[in-house]
Amino acid sequence: MGDVKRKFATILATDCVGFSKHMLEDEQATFESLNACREIIDSLIEQHGGRIFHTAGDSVLADFASPIETVNCAIKFQEAIQERNETITDKDPRRKLLWRIGIHSDDVIFEKDNVYGNGDNIAARLEAQCTPGQILVSKAINELVTSRIEAISRSAGTKKLKNISNEFEVFTISTDKTNNFESADISDEQEETDRTQKPTLSILPFKNLNENEDSSFLIDGVYEDILTELSMVRQLSIVSRQSSVNYADSDKELDDFIAQFKVNYLIQGSIRSSGSKVRVTVSLLEADTKEIVWSKRFDRNLDDIFEVQDEIVRSVTQAILGEIELASLNRAKRKPTQNMSSYEFLLRGKEGHHAIDKEANAHALEMFDKAIEADPANAQAYAWKACTMGQALGRGWIEKSLEEVMPEFNRLMDRALKADPNDFELHRLLCGISTMTGKFKAAVEHGKKAYDMVPNDPRILQQYGEILLKTGKTKQGCDLTLLALEYDPVAQGQTNSDKRKSDAVFGCLMDDRTELGLELAEEIEARSENILLFTAALSVAKHGSLEPCPWLIKDLKTCNFEGLEAAIEEMGKYDVVVQSTLREVFLDHVAKLQPKLQLVS
């Protein structure tokens, strides 16, 4: 990681307010206005002896030798931006842009062209708390400059700075020109994710009463579609498919399963088919007493299978909640096709995908191709083929790179969206692939659409939660990630809860939930390098050292340090403040565990 040195510096952090919203409204005008503002900002930073060490276009981090020069630069910067905005009329194609500024001085680490430590951490957190158009500084800065600048300094009380302090005294600095801004409502959209007030329902796998096991794909498909429909009802919490299947395949007692997932209601069912006829029997049970609340038998033609599913969903939901509006049960959002032949191929393909086996995966791709051939408008067939390709790529079952697979993946998703833009599976998949390829704005849009449609699917909770964590909405992102762990501790394709707990540790790091993050990390059986680094940061945040976590020290001593460095580098794509924290934890606490890799500080 190279030689490092420390010195005292003043850090200025600034960010354009509402930049994404401006880009949505007028991309070209916003981009041109951003460049105009950056010319002002960059020039003033240079004039006052500053140096830009990080920029993402609409945000800037700069270090200065003098706190007075830093504050004077910030004052002239805000005044110049306001003067520019005052020249822009309603008919002007240019955009009025507002900026926030945070400033703090501290001892920081200089490593190559980068700066790490509490100086930029606190400056960035102050900027995030700042009123648009204003300057927010720490008490240390205020004491140094208040009598030596031509500006107004006012106490702004104390702020909670994430990952840093619950009570941090701050001050605003403004001039006559910049003292007329009103506070803007910049709070993130909050969404209730607490499931404790909802009844929890488990749909156990339906029994196959046929002598011919070849029809199992139909039983599994009907079961999954009923589970998906019920997952769309926000008034219910649904135990994940995988957790229910795991129970059915085990010798575990039903009462233990009910207690583990706090289940209030159970759905049990069976399917018998003969020729074109199908009999579906479904019962709703009260979990504690095992008493049947509702039961019904449906004798239908296979052509009416969608109507059967709709009727089951309506009946079960009304039995639990009474008369409710099932607005989320928009049939057009879920029905893959009216063509039963294509539907059967789709179900066979999904069955192969869920098997998580190389040969089954290849067979699934063939089934999806047949589903598309039978009905080119079958949106889910395109989406599931793309998902199955991703499974094969991720598990090394095909000898192709991501770059080679992406054109076909994009083609499939484009076809799927044209066939049915309201299918939650498409948006779930697009959220995941957009996150992986760094298209965070698109990932948030697709994740939210999938979550709005199916709010109880643990795959969606994890994927949407992850992109929220990576785009600054850490509270909701962490909440959703924890719900994914609660609903489905052993994710599909996994043998234990390490994956879900690792996701939750990342969420706890990003949202400053140190105690819970450490508890979850200790429970992970096999900790990856990035989780070890995240855990080290949590330990330092809580205890000031790694000593209270001997299990962590043991793992760090034998881990691959290149993996730790990669985790630090990766974090820079999401949050430079947390990246700086990770770098400092590595340099000050982790590197010394392997003497040959210690760095000179």
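**Entry 1: aromatic rings**

I started in helix H8 (residues 254-261), where Phe257 and Phe261 sit four residues apart, about one turn of the helix. My helices (H or I, at least four residues) and strands (E, at least two) are DSSP runs, numbered from the N terminus. A note on my source: this is a predicted model, where local features need pLDDT of at least 70 and side-chain atom pairs count only at pLDDT 80 or more, while totals for chains, interfaces and linings use all residues. Residues are numbered from 1 along each chain as its sequence is written, and side-chain values use heavy atoms, with hydrogens and water left out.

Are Phe257 and Phe261 buried or exposed? Phe257 is buried at 1% relative accessibility, and Phe261 is buried at 6%. I call a residue buried under 20% relative accessible area, exposed over 50% and partly exposed in between (1.4 Å probe, protein chains only).

Next I searched the whole structure for aromatic pairs and found seven. One of them is Phe257 with Phe261, a tilted pair at 5.3 Å centre to centre and 50° between the planes. For a pair, the ring centres of Phe, Tyr or Trp (its six-membered ring) must lie within 6.5 Å; planes under 30 degrees apart are stacked, over 60 edge-to-face, and the rest tilted. Tyr247 joins Phe257 and Phe261 in a cluster linked by ring pairs.

I also looked up Tyr451 and Tyr464, whose ring centres are 5.5 Å apart with planes at 35°, so this pair is tilted. Tyr451 is in helix H16 (residues 440-453) and Tyr464 in helix H17 (residues 458-470), 13 residues apart. Both tyrosines, Tyr451 and Tyr464, are buried.

**Entry 2: two helices**

How do H12 and H13 pack? Helix H12 (residues 358-374) and helix H13 (residues 379-394) have axes 9 Å apart, at an angle of about 160°. The axes are lines fitted to C-alpha atoms over the stretch in contact, and angles run from 0 to 180 degrees between N-to-C directions. H12 is therefore roughly antiparallel to H13, a label for angles over 145 degrees.

**Entry 3: positive phi**

Most residues other than glycine have a negative phi, and I noted two exceptions here. Lys262 is not a glycine, yet its phi is positive, about 50°. I found Lys262 in the loop between H8 and strand E12 (265-274), exposed at 60%. Lys290, also no glycine, has a positive phi of about 65°. Lys290 lies in the loop between strand E13 (277-286) and strand E14 (292-301) and is partly exposed at 30%.

Definitions and conventions:
Angles under 35 degrees count as roughly parallel, over 145 as roughly antiparallel, 65 to 115 as roughly perpendicular and the rest as oblique.
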